[in-house]
Amino acid sequence: MSVEAYGHENILDVDLIQGGMGIGVSWYKLAGAVASEGKKCMGVVSGTVIGPLIARRLQDGDTNGDIRKALDKFPIPRISELIIERYYSEKGRCENEPYKTVPMFNADSSGIALILNMVGAFAEVWLAKHIASERSDSPGPVAMNLLTDLKNTTLSALYGAMLANVDCIIMGAGIPRNIPDALAKLALGQDVKIDLNVPESDQKFYVEFNPSQYRPSDGNIKLKKPDFLAIVSSDTLAKYLSRLDFPPSGFVIEGPVAGGHNAPPRKGMNYTEIDQVDLNKINELGMPYWLAGKKDYPGVIADAKKMGAQGIQVGTAFAMCRDSGIDPAIKSKIIDQVVSGSVEVTTSFNASPTGYPFKIVEQKDTLSENTVYEERKRVCDLGFLRKPYLSKDGKKLIYRCPAEPVEDYVKKGGDEADTVGKKCLCNGLLSTIGFGQSRKDGTTEKPIITAGDTLQEVVSNLVEIYGKEYTAKNVVEYLRVNADPATN
């Protein structure tokens with residue numbers, strides 16, 4: 001089976017979705033391993049900060065040749081050749097040599113920033129499909145996960161993923177109302193735009209993308225339209241999205257115990273019963289959905305189906321498996337903490353620049369420690385979590401992030417109080433997967449690790465059964481116990 005021909009017309013066979021954990025935790029090796037377990041398993045790659053990530057992989061020498069293999073299949077050779085020429089280093093970087101900077105994204109981004117994002121998305125999906133098709137005669141679908149609020153990077157990443165024949169797009173952290181329409185237009189090669197929300201402004205702003213500028217060399221600009229799943233944390237939002245002219249294909253219903261960013265509590269600082277999704281109301285919508293958050297025990301798929309769901313989405317169990325993108329040394333420390341019973345996951349309402357609650361695994365020498373956070377010199381050189389604001393004269397957009405240098409944030413009109421405790425997730429999460437930036441002062445960016453509340457329970461169970469080097473295949477086996485009633 002060729003990678004190009006490998007696609008799925010229907011995702012309703014899927015009862016296990018591997019979570020799309022960024023940055024690079026859900027990389028092509030993990031997604032490919034999950035999809036190779038068959039049509040009921042969906043592998044998911046993360047598209048978050050994918051441009052700088054592929055640039056850093058190339059600068060580190062692309063030792064296994066995977067990235068260059070994927071770029072050789074990119075259907076616009078002049079673009080992939082440019083990326084290779086600019087970023088590939090055959091010998092890799094010298095010790096403590098900084099990675100080359102990548103232009104930061106804004107609503108009008110073009111050039112290197114945009115094509116890196118597009119090519120990175122293509123490579124990640126293509127490689128996941130390549131692995132799955134090599135290992136299985138009937139592989140499952142491959143999806144890409146994106147964050148809705150990172151609007152500047154969305155359209156180019158969608159297009160890149162679609163050039164690789166992605167089967168599904170999954171998006172949360174916002175309200176993805178424009179995405180199904182955008183996917184339909186991109187599939188037809190039509191210009192597309194999505195709303196750019198600018199606080200405290202009545203003006204309309206958009207992020208636009210023109211596929212005709214990036215036409216494949218064979219001239220074919222018509223692509224397969226992937227399915228689209230919206231991640232929601234309330235039945236009210238699901239109902240709203242289901243009534244749009246272009247609704248999602250279905251939903252991932254995510255609870256507040258899931259890793260990464262969570263929806264904020266509706267009242268106060270604690271989650272209560274009012275934050276639980278009413279599945280009766282979800283079932284009334286008549287649309288397929290998958291349950292996420294604390295859905296990681298044997299028999300959970302059968303339980304989910306009894307409630308009306310198609311199946312489940314699981315992140316944390318896969319995050320600590322051998323196939324995930326987390327730096328092996330960091331992963332080993334976390335698993336040792338789990339085995340000793342000392343691992344701790346906290347929900348921070350202050351750490352993330354997005355304003356969303358964020359799960360953090362407490363570990364020494366990471367940004368979870370206040371001393372490490374305070375010693376870090378603030379720098380914003382990736383900028384994916386910057387938000388747009390209107391300049392004082394109302395003539396242009398400016399971008400700021402509460403994790404950037406305080407004086408810069410204030411100079412751009414931000415409130416200094418908003419910067420307190422904010423951690424640079426862009427640099428921290430890249431460090432978690434082994435691509436931390438080296439600074440001129442001899443320091444290297446420290447990691448920040450995220451996982452769901454069930455980290456201790458699920459990983460200790462998996463380690464007890466399969467050992468510390470458990471694989472994605474082991475996780476699938478563990479979760480799919482009694483998933484098929486006909487075989488019981």
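**Close-ups of a predicted model**

**View 1. Lys 468 and Asp 336 pair up in a salt bridge.** In this view, the closest N and O atoms of Lys 468 and Asp 336 sit 2.9 Å apart. Lys 468 belongs to the loop between α16 and α17, while Asp 336 is part of helix α12, so this pair ties together parts that are 132 residues apart in sequence. How open are the two partners? Lys 468 counts as partly exposed, at 43% relative accessibility, and Asp 336 also counts as partly exposed, at 36%. Keep in mind, here and in every view below, that this is a predicted model.

**View 2. Helix α16 runs from residue 455 to residue 466.** With twelve residues at 1.5 Å a residue, α16 should span 16 Å, and its end C-alpha atoms are 16 Å apart, which agrees.

View 3. Which residues of α16 are buried? They are Leu 455, Val 458, Val 459, Leu 462 and Val 463.

**View 4. Lys 129 and Asp 167 meet in a salt bridge.** The two side chains come to 3.0 Å, N to O. Where in the chain do they come from? Lys 129 is in helix α5 (residues 111–135), and Asp 167 is in the loop between α6 (151–163) and β4 (168–172). That's 38 residues apart, so to speak a link between distant parts of the chain.

**View 5. Glu 445 and Arg 439 are part of a salt-bridge network.** Glu 445 and Arg 439 form a salt bridge, with their closest N and O atoms 2.7 Å apart. Both of these residues are buried. Which residues make up the network? Salt bridges with shared partners join Arg 376, Asp 381, Arg 439 and Glu 445 into one. To put these pairs in context, a search of the whole structure turns up 16 salt bridges.

How values were computed:
Residues numbered from 1 in each chain as written. Predicted model: local features only at pLDDT ≥ 70, side-chain atom pairs only at ≥ 80, totals over all residues. Heavy atoms only, no water. Helix = DSSP H or I, 4+ residues; strand = E, 2+ residues; numbered from the N terminus. Expected span 1.5 Å × (residues − 1). Buried < 20%, exposed > 50% of the residue type's maximum accessible area, 1.4 Å probe, protein only. Salt bridge = Lys/Arg side-chain N within 4 Å of Asp/Glu carboxyl O.
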